[in-house]
Every structure is written in C-alpha cells, then in structure tokens.
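Take a look at the model below. This report walks through its bonds, its core and its surface.

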Amino acid sequence: MAWTNTLESTRNRLRVLYRTIPEVTKGFGAMSKAVKEGGVLDFKTKEFVALGIAVGIRCESCIALHIEALVKAGATRDEIADVLAMTIQMGGGPATMYAGKALECFDELTAAQAG
C-alpha cells in the first residue's frame, strides 16, 4: 500500500467535505486544535493515543494522518511499536492486522522523509 497516496486522497476528500459543510468542519478543527494545544499531555503523547484509537477502530486514513503527525513530532519506530503493542493487547486480532498497517505506514513515510 502506498501510504503517501492514502494521505493525498484523504486530504482531497477532506477538502471537498470542508467546502461542503464549512461550519461543521471549522468547529471540528477548533476542537482538534484546543485538544492538541491544551491539557497536561504533550502533543506527541496525544498523537500516540490517537494512533491507538485509529488502529483499534480500523481507520486507515486516520492511521496515515496520525503516523504522519508522529513522524513530524520525532516519534521513533520503537515508540510506535510500543503503542501498537498496547493497541493489540486491547484490540485482539483485528488490532493486530491494523497495527501491521500502521508500522508499514511509519516505515514508508520515514523512508520518504529520509530519501
């Protein structure tokens, strides 16, 4: 799977959605910003939580967006793997399948960044 293509198609779909229902998406954007900037947890920790949820609910677009944010935040492969291990423990077999997708996404995006 080409995760860069997943990111591009996700962003394209979101742009259409934002133009279609701008009031709703502005509200969601404001909530997202407030959650990421406020509170006692740092941004990277919050993204780790979001990644675990993305894997648990089997959202490939969410996985790609949160892995991308974690790459930019300086997450290591070992940190990602630790989050995925906890997600597997909580989510069982289906989470195992999507944890593999998340790790594949991390490897592809970090290789592209290094490349």
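Cys59 and Cys62 form a disulfide, with their sulfur atoms 2.3 Å apart. The model, which is predicted, holds one disulfide. A disulfide is a covalent bond between the sulfur atoms of two cysteines. The torsion about the S-S bond of Cys59 and Cys62 is about 65 degrees, so this disulfide is right-handed. Cys62 has 26% relative accessibility and counts as partly exposed.

A disulfide needs the two sulfur atoms within 2.5 Å. Cys105 is buried, at 0% relative accessibility.

Arg58 sits in the loop between helix 3 and helix 4. Its phi is positive, about 65 degrees, although Arg58 is not a glycine. Arg58 is partly exposed, at 42% relative accessibility.

**Salt bridges**

Side chains of opposite charge can pair when their charged atoms come close. The structure holds five salt bridges.

Arg11 lies in helix 1 and Glu68 in helix 4, so the pair ties together parts that are 57 residues apart in sequence. Arg11 is partly exposed at 29% relative accessibility, while Glu68 counts as buried at 17%.

Lys101 is partly exposed at 26% relative accessibility. Glu60 is partly exposed at 22%.

**The core**

In soluble globular proteins, nonpolar side chains tend to be buried together. Which residues touch the most other members of the largest nonpolar core? Of its 22 residues, they are Leu51, Val55, Ile63, Ile67, Ile80, Leu84 and Ala102. Helix 1, helix 3 (43-56), helix 4 (60-72) and helix 5 each give two or more residues to this core. Helix 5 gives the most, with ten residues.

Setting aside neighbours within four places in sequence, Ala102 is in contact with Leu51, Val55, Ile63, Ile67 and Leu84.

Ala99 is in helix 5 (residues 77-114). It is buried, at 5% relative accessibility. Beyond its neighbours within four places in sequence, Ala99 contacts Val55, Leu84 and Ile88. The C-alpha atoms of Ala99 and Thr87 are separated by 7.6 Å, with the two residues twelve apart along the chain.

Not counting residues up to four places away in sequence, Thr10 touches Ser61 and Leu65.

**The surface**

Now turn to the outside. Leu17, Tyr18, Ile21 and Val24 form a nonpolar patch on the surface. Together they have about 350 Å² of accessible area. Ile21, one of this patch, is found in the loop between helix 1 (3-20) and helix 2 (22-37). Ile21 counts as partly exposed, at 32% relative accessibility.

Definitions and conventions. Residues numbered from 1 in each chain as written. Predicted model: local features only at pLDDT ≥ 70, side-chain atom pairs only at ≥ 80, totals over all residues. Heavy atoms only, no water. Buried < 20%, exposed > 50% of the residue type's maximum accessible area, 1.4 Å probe, protein only. Helix = DSSP H or I, 4+ residues; strand = E, 2+ residues; numbered from the N terminus. Contact = heavy atoms within 4.5 Å. Patch = residues over 30% accessible without salt bridge, like charges linked within 9 Å, V, L, I, M, F, W, Y side chains within 5 Å. Areas by Shrake-Rupley, 256 points an atom, 1.4 Å probe, with all protein chains shown as cover. Salt bridge = Lys/Arg side-chain N within 4 Å of Asp/Glu carboxyl O. Core = buried A, V, L, I, M, F, W, Y, C linked by side-chain atoms within 4.5 Å.
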